[in-house]
Amino acid sequence: MDVLSRLVQNLLDLDYIAQVLPTMLGVGLVNTLYLSAVSALFSIAAGVLLAVMGLSRRRILRWPARVYVDVFRGIPAILAIVIIGQGLFWLARDVFSTTSPYPLGILALTLITSAYLAEIFRSGIQSVDKGQMEASRALGFGYGRAMLLVVIPQGLRRVLPATVNQFIQLIKLSSLVFYLGLQADQREIFRIAQDFASMTGNQSSLIAAAVCYLAITVPLTHLVNWIDRRLRDGRRVAAPTDDGDDLATTTPATAPAATPIGARA
Amino acid sequence: MTTTVPAPASSTTASGSLTARGIHLAYGDVKVLRGVDLHVAQGSATCVIGPSGSGKSTLLRTLNRLIEPQQGEVLLDGRSVMADDPDALRRRVGMVFQHFNLFPHMTVLDNVTFALRRLKRVPKDRAEDIGLRQLEHVGLRGKAPYRPSSLSGGQQQRVAIARALAMDPEVMLFDEVTSALDPELVKGVLRLMEDLSGGGMTMVVVTHEMGFARHVADQVVFMDGGVVVESGTPDDVFDRPQSPRLQQFLSQVL
């Protein structure tokens with residue numbers, strides 16, 4: 001009983017949770033969502049670009065894309081964030097005259113996520129039937145426009161579940177930017193929970209943080225499952241019918257006599 | 001900017017002649033086309049027959065420069081198109097594929113009007129008028145708002161034909177367009193192609209349908225091993241084959 005009550009006292013102190021919640025939701029949640037959303041947008045754009053480059057026949061486009069993807073998927077996220085956040089700090093200060101680590105945090109999250117999305121998009125694009133490109137070019141579209149208008153839209157649809165999964169990862173990844181020393185009003189959910197925990201010596205704020213993350217990620221997970229099911233089963237597609245087919249009403253008697261192979265009509 | 005009124009499918013106004021001279025193509029060491037000459041007169045239909053691997057489909061793709069030949073030239077209406085912008089050439093030559101290659105994420109009508117709107121910059125209403133008219137020619141106007149996946153193979157192929165015709169091409173290329181269809185659907189597509197030819201469209205048809213070749217073609221070309229072995233009228237090719245290879249091929253397929 002003692003163990004349990006101490007557990008509850010340390011992790012489920014409702015009083016502390018109530019105290020931290022306003023900041024956690026008003027500042028933390030806002031920043032977490034902002035960091036994730038901005039990074040997601042840039043990552044999608046960069047991811048598509050990298051995917052198309054990775055599929056190019058020209059080595060000068062393919063190799064940089066492959067190297068980039070290998071690097072940012074191959075090092076731990078925290079390392080990438082620290083390298084960019086601390087290593088590029090002088091660049092932000094001297095070139096863009098800002099000492100806020102916020103943009104660098106977004107940059108780091110974008111660079112990492114775009115590498116994962118590049119692979120996801122690339123596999124999606126590659127899975128599109130080659131006939132789509134052929135038909136588009138046969139109509140007169142160039143390779144680039146055919147990619148943009150026909151192949152990529154289909155490729156991205158196919159990997160929608162994997163893409164949303166990556167966004168779920170991104171939301172959790174945003175917690176790592178705490179390392180960059182954000183200002184009080186820039187802190188995301190984890191940092192706020194951590195500050196409160198060290199201030200009070202009680203870990204209940206961390207449980208509150210967990211619930212906050214779950215409140216975002218669990219609905220997204222359900223969304224992924226719904227999308228996946230929709231794509232798998234498809235909107236109820238009608239079986240092919242002769243309705244609307246004007247040539248299907250021809251009876252055998254009125255159709256031209258089938259020409260026996262080899263005979264002259 | 002003048003806008004051309006698109007001719008209906010059965011008009012002869014827009015068709016040109018198509019000539020291929022000395023087409024060579026190799027993939028690495030493998031020589032796929034070893035010097036092919038072909039002439040398709042304006043308004044006529046040429047059927048290309050031959051065993052698999054003979055280079056028929058590859059030849060077809062050099063005619064609209066989907067694949068660039070390493071040697072040789074293609075002439076449209078007597079004028080070489082090798083120096084032209086390949087995309088511009090392909091807007092003048094329509095192609096229909098064995099596996100239809102319709103755009104699955106668009107409706108049937110959007111499939112047909114897509115190139116019109118995006119390439120020729122035709123405004124939506126006019127494009128849809130043209131599109132619906134082409135669909136009517138292939139007997140599928142009622143299917144305009146549906147997705148390709150709700151159509152049968154034969155219906156999809158007819159939409160593919162409408163899509164190619166919507167661009168008002170001068171020449172139509174058909175690559176074994178009935179080979180992937182269930183037998184009972186083949187006739188509908190062949191009849192459509194026969195009507196098209198009767199209306200004066202210049203066409204090159206790679207096919208295994210010998211009945212169609214005999215009945216509709218003005219010229220039959222037999223290819224084997226990357227060259228044209230024999231060519232002539234359907235009667236010449238089917239009734240009086242000269243070369244042993246053609247005789248052997250015919251004995252196998254007829």
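Predicted model: local features only at pLDDT ≥ 70, side-chain atom pairs only at ≥ 80, totals over all residues.
Residues are numbered from 1 along each chain as its sequence is written, chains are lettered from A in the order in which they are written, and side-chain values use heavy atoms, leaving out hydrogens and water.

**The interface**

Select His105(B), Arg191(B) and Arg214(B): they supply 16% of the area that chain B buries against chain A, more than any other three residues.

Now pick Arg158(B) and Asp245(A), whose side chains meet in a salt bridge at 2.5 Å, N to O. The rule (a side-chain nitrogen of Lys or Arg within 4 Å of a carboxyl oxygen of Asp or Glu) finds two salt bridges across the interface of chain B and chain A.

**Into the core**

Next, show Leu135(B), Ile161(B), Met172(B), Phe174(B), Met193(B) and Met203(B), the residues with the most contacts inside the largest nonpolar core, which has 103 residues. Helix 6 of chain A (residues 102-126) gives the most to this core, with 12 residues. A core is a set of buried Ala, Val, Leu, Ile, Met, Phe, Trp, Tyr and Cys residues joined through side-chain atoms within 4.5 Å. Helices (H or I, at least four residues) and strands (E, at least two) are DSSP runs, numbered from the N terminus.

Zoom in on Ile161(B): beyond its neighbours within four places in sequence, its contacts include Val96(B), Val189(B) and Leu192(B).

Asp175(B) sits in strand 7 of chain B (residues 171-175). Is Asp175(B) buried or exposed? Buried, because its relative accessibility is 5%; the cut-offs are under 20% for buried, over 50% for exposed and partly exposed in between (1.4 Å probe, protein chains only). Residues up to four places away aside, Asp175(B) touches Ser57(B), Arg61(B) and Gln98(B), among others.

Hop to Ser205(A) in helix 11 of chain A (residues 204-233), buried at 0% relative accessibility. Among the residues Ser205(A) touches, not counting those up to four places away in sequence, are Val20(A), Met24(A) and Phe196(A).

Methods. Contact = heavy atoms within 4.5 Å. Buried area = accessible area lost by both parts, 1.4 Å probe.
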